[in-house]
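I opened a new structure today and kept notes as I went. Here is what I looked up, entry by entry.

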Amino acid sequence: MGFNELLNDLDHAASAQAAGIRRGYGGPPARTVSVRSGQTRLRCASLLKPLYAWVCADRIPDAARWRRHAEPAVVVSSNADTLNLWLAVGPGVILDDLRRRTGVAWSPPNGDPSRFGSVEVAADEVATAYAELAQAALAGDPVAATIVGWMREVSGPQTFGLREVTRSPETAIKCGWFGAPDEVCLRTHAVAILPRGGTRATVVVGMTALPYSGGRERAIYRERVAKGLSVENEHDKLAGTLLRGLMTTTLAELGHSSGGL
C-alpha cells in the first residue's frame, strides 16, 4: 500500500506524517523520503525522550542520577523521570544542545516551558535528529550507544507492533501516545532505528493525530489517564493500522526488504 492509499481517506481534521533516512559511509547513496497530510507540526511528547536524555548526560555531573531518570524515560516512557531531566537542565539548554548536535532547531512550548510534551516538531526533523543519535552510537559515543540500547528494550504494547513491521528483533524503538484535555485528537507517534552494520543508519518516523471526539470514549480515556492506567490499546485501536502502514511504506520507499538494508 502506498502513501496515497493510506492518506486519501483520512478525516479532514486528522494529521499524519512520515519520514525516513538511510545513510552512512560505505553504503549506497543517502536516501530520504517524507510525506505529510494536515498540520505542518505536531506535539511529539514521548518520541523526543531519548533525544532529551542524550544531551542531558553532559549537563548532569552525577552519572548515577542521570541514569536513574534517563533509563525509565526511554524504556517505559516515564513522564516523571523525563520531567526531572527537563527541569534540572532546562528546556532552552536541552533544545540548544540538540540543535548543535543534530542541526534541528526546536522551540520551547509557548505559555509553560515546563511542559516538555508540548514541543512541536515535523517528522523529517525527528528522522534527522535520530539519524545523528544512531550514527553517534555506531561511531563510539557511549551515551548514544546506551540510549539506543535502551530503545531496543522497549517492549509490549509500547512498541505498537513495529518490530513486526521492520522484521528485525534488534530494531530500536520509541513511541509516544497522548491526547491532552485541550485536544480533540489522540496523538500516536513512533521512531525506529534499524541495524545495518558499520556506521550506516536507517531511521523511520510515523506521526499521527486522529480525531477522538466520542463523548463516552473520551471520558473513559481521560479517566484512565488520570488514574495512571495504560491507554496504549486505545491508541493502537484508533491509529495502529495507519501508523504501521506509514512505517511500512516509508521503509519500502527507502529500499527495505526482508534481506536487510
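**Ground rules**

I am working with a predicted model, where local features need pLDDT of at least 70, side-chain atom pairs count only at pLDDT 80 or more, and totals for chains, interfaces and linings use all residues. Residues are numbered from 1 along each chain as its sequence is written, and side-chain values use heavy atoms, with hydrogens and water left out.

**The largest pocket**

I began with empty space. Rolling a probe the size of a water molecule over the atoms shows where such space is left. I noted what counts as a pocket: on a 1 Å grid over the protein atoms alone, it is an open set of points where a 1.4 Å probe fits, with protein on both sides within 12 Å along at least five of seven lines. Lining residues have an atom within 4 Å of a point. Points are joined across faces, edges and corners, and the volume is the space filled by probe spheres set on them.

The largest pocket holds about 670 Å³ of space. I found 24 residues in its lining, and the closest to the centre are Asn79, Phe116, Trp177, Phe178 and Val225. What is the lining of the largest pocket made of? I read 10 nonpolar, 9 polar and 5 charged residues. Here Ala, Val, Leu, Ile, Met, Phe, Trp, Tyr, Cys and Pro count as nonpolar, Asp, Glu, Lys and Arg as charged, and the others, Gly among them, as polar.

Helix 4 (79–89) and strand 5 (172–178) each give the lining at least two residues. Both names come from DSSP runs, numbered from the N terminus: helices are H or I with at least four residues, strands are E with at least two.

I followed strand 5 next. Of its 7 residues, 6 are buried, so the rest of the structure largely encloses this strand. Buried means under 20% relative accessible area, exposed over 50%, and partly exposed in between, with a 1.4 Å probe and protein chains only.

Strand 5 runs antiparallel to strand 6 (residues 185–195), with 7 bridges joining them. Two strands pair if DSSP finds at least two bridges between them. I traced tryptophan 177 across to its bridge partner in strand 6, threonine 188.

**Strand 1, between two partners**

Strand 1 (residues 15–23) has 8 of its 9 residues buried, so it too is largely enclosed by the rest of the structure. Which strands does strand 1 pair with? It is antiparallel to strand 7, through 9 bridges, and to strand 2 (residues 31–37), through 7 bridges. I checked alanine 18 on both sides. It stands opposite glycine 206 in strand 7, and its bridge partner in strand 2 is valine 35.

**Threonine 208**

Strand 7 (residues 201–211) also holds threonine 208. I found threonine 208 buried, at 0% relative accessible area. Its side chain reaches the backbone oxygen of threonine 188 at 2.8 Å.

**Cysteines**

A disulfide is a covalent bond between the sulfur atoms of two cysteines. The cut-off I used is a pair of sulfur atoms within 2.5 Å. I counted 0 disulfides. Cysteine 56 is buried at 0%, and cysteine 185 is buried at 11%.

**Glutamate 125**

I found glutamate 125 in helix 6 (residues 123–138). Is it buried or exposed? It is buried, with a relative accessible area of 18%. Its side chain makes a polar contact of 2.8 Å with the side chain of tryptophan 106. Such a contact is a pair of N or O atoms within 3.5 Å; within protein, one must be able to donate a hydrogen and the other to accept it, and residues adjacent in sequence count only if both atoms are side-chain atoms. A polar atom of the glutamate 125 side chain also lies 3.0 Å from the backbone nitrogen of alanine 122.

**Positive phi**

Serine 77 has a positive phi of about 60°, although it is not a glycine. It sits in the loop between helix 3 (63–75) and helix 4, and it is buried at 8%.
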